[in-house]
Amino acid sequence: MGASEIEVSGLCLGGNTFGWTSDRETSFEVLDAYLAGGGNFVDTADSYSAWVQGNSGGESETIIGQWLAARGNRDEVVLATKVSQHPDFKGLAGANVVAAAEASLRRLGTEHIDLYYAHFDDEQTPLEETVEAFETLVAAGKVRAIGLSNYTTERIRQWFEIARATGASLPVALQPHYNLVHRGDYETGKSAIAQEEGLAVMPYFALASGFLSGKYRRREDLEGAARAGMAGKHLSKSGLKVLETVEEIAQRLEVGMPAVALAWLRTRPQVLAPIASARTTEQLPALLAGAQLELSPQDAQALTAVSQEMEH
């Protein structure tokens, strides 16, 4: 992972379903199956899933912590979490970052976080203060590596400038919104700085909220789906053309559509491990296949060409 010594599998398991659409028992089953399938990289955030009625944030971390304790396998898992959105720990003021990290460590039942992300930029707090807080955590051995998510290219650049000027640890990872039907956000600047700085890129919404799995082809398919609003925005003529190409390649290679969408991401500059979540164990095999599948240059190019027609 970037300049760090952390090694991860080619699929990062998203923990946003834990405590939301996956209960504790199902979450344990998904985590077990993911590890059994060769995965070792779990991504969560302190705010998951505060948006669910009755939740207060931290549910995903708590379930992961309980699973780690039950399995006794902390050393086998690379754990990523994030700060800035928990209802009790909003923003990236220095004291808040440190307090939020301590709360995450307690919920996860661990002494260190392998990869700690600044989840969303906090422009009300001087970047120098945030960089210093992250460095405090690294120096204390509570965080092994630093990542940035949802930052503009300019703010990523500023973080590096401040870190270099102060001798602080440099970020090694970037988590952008990036997939076959949402390319512009990453490709119009973040891709270049990721290459300049050697950042490992872990795209989120790698399957466009399930759209690229092929399960939403008509408006009727969205009824009752937890992510209907997010997946539905891709139901356009150009979006369906992308699906057709993904499906054609998937059928020819005898793999699921998610595997093709994830494999395409892995052909993109600096992408190390796309993030995808599984509500149930049944969804996992197609995701894990995406960590192994190597697309031919022709298939990768066909996907790149058809997805360029999307409104970026």
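User: Is F205 buried, partly exposed or exposed, and what is its relative accessible area?

Analyst: This is a predicted model, in which local features need pLDDT of at least 70, side-chain atom pairs count only at pLDDT 80 or more, and totals for chains, interfaces and linings use all residues. Residues are numbered from 1 along each chain as its sequence is written, and side-chain values use heavy atoms, with hydrogens and water left out. Buried means under 20% relative accessible area, exposed over 50%, and partly exposed in between (1.4 Å probe, protein chains only). F205 is therefore partly exposed, with a relative accessible area of 28%.

User: Which geometry does the aromatic pair of Y48 and W51 have?

Analyst: Rings of Phe, Tyr and Trp (its six-membered ring) pair if their centres lie within 6.5 Å; planes under 30 degrees apart count as stacked, over 60 as edge-to-face and the rest as tilted. A search of the whole structure finds eight aromatic pairs. In the pair of Y48 and W51 the centres are 5.7 Å apart and the planes stand at 70°, so the geometry is edge-to-face.

User: Which strands hold D43 and K82, and how far apart are N and O in their salt bridge?

Analyst: A salt bridge is a side-chain nitrogen of Lys or Arg within 4 Å of a carboxyl oxygen of Asp or Glu. Helices (H or I, at least four residues) and strands (E, at least two) are DSSP runs, numbered from the N terminus. D43 lies in strand β2 (residues 41-43) and K82 in strand β3 (residues 78-83), 39 residues apart. Their side chains meet with an N to O distance of 2.7 Å.

User: Is K82 buried or exposed, and what is its relative accessibility?

Analyst: D43, its salt-bridge partner, is buried with a relative accessible area of 3%. K82 also counts as buried, and its relative accessibility is 0%.

User: Why does the salt bridge of R74 and D114 tie together separate parts of the sequence, and how many residues apart are they?

Analyst: The side chains of R74 and D114 meet in a salt bridge of 3.0 Å, N to O. R74 lies in the loop between α2 (59-71) and β3, whereas D114 is in strand β6 (residues 113-118), so the pair joins parts whose separation in sequence is 40 residues.

User: Which helix holds both R252 and E248?

Analyst: R252 forms a salt bridge with E248, with the closest N and O atoms 2.9 Å apart. The two are four residues apart, about one turn of the helix, and that helix is α9 (residues 237-253).
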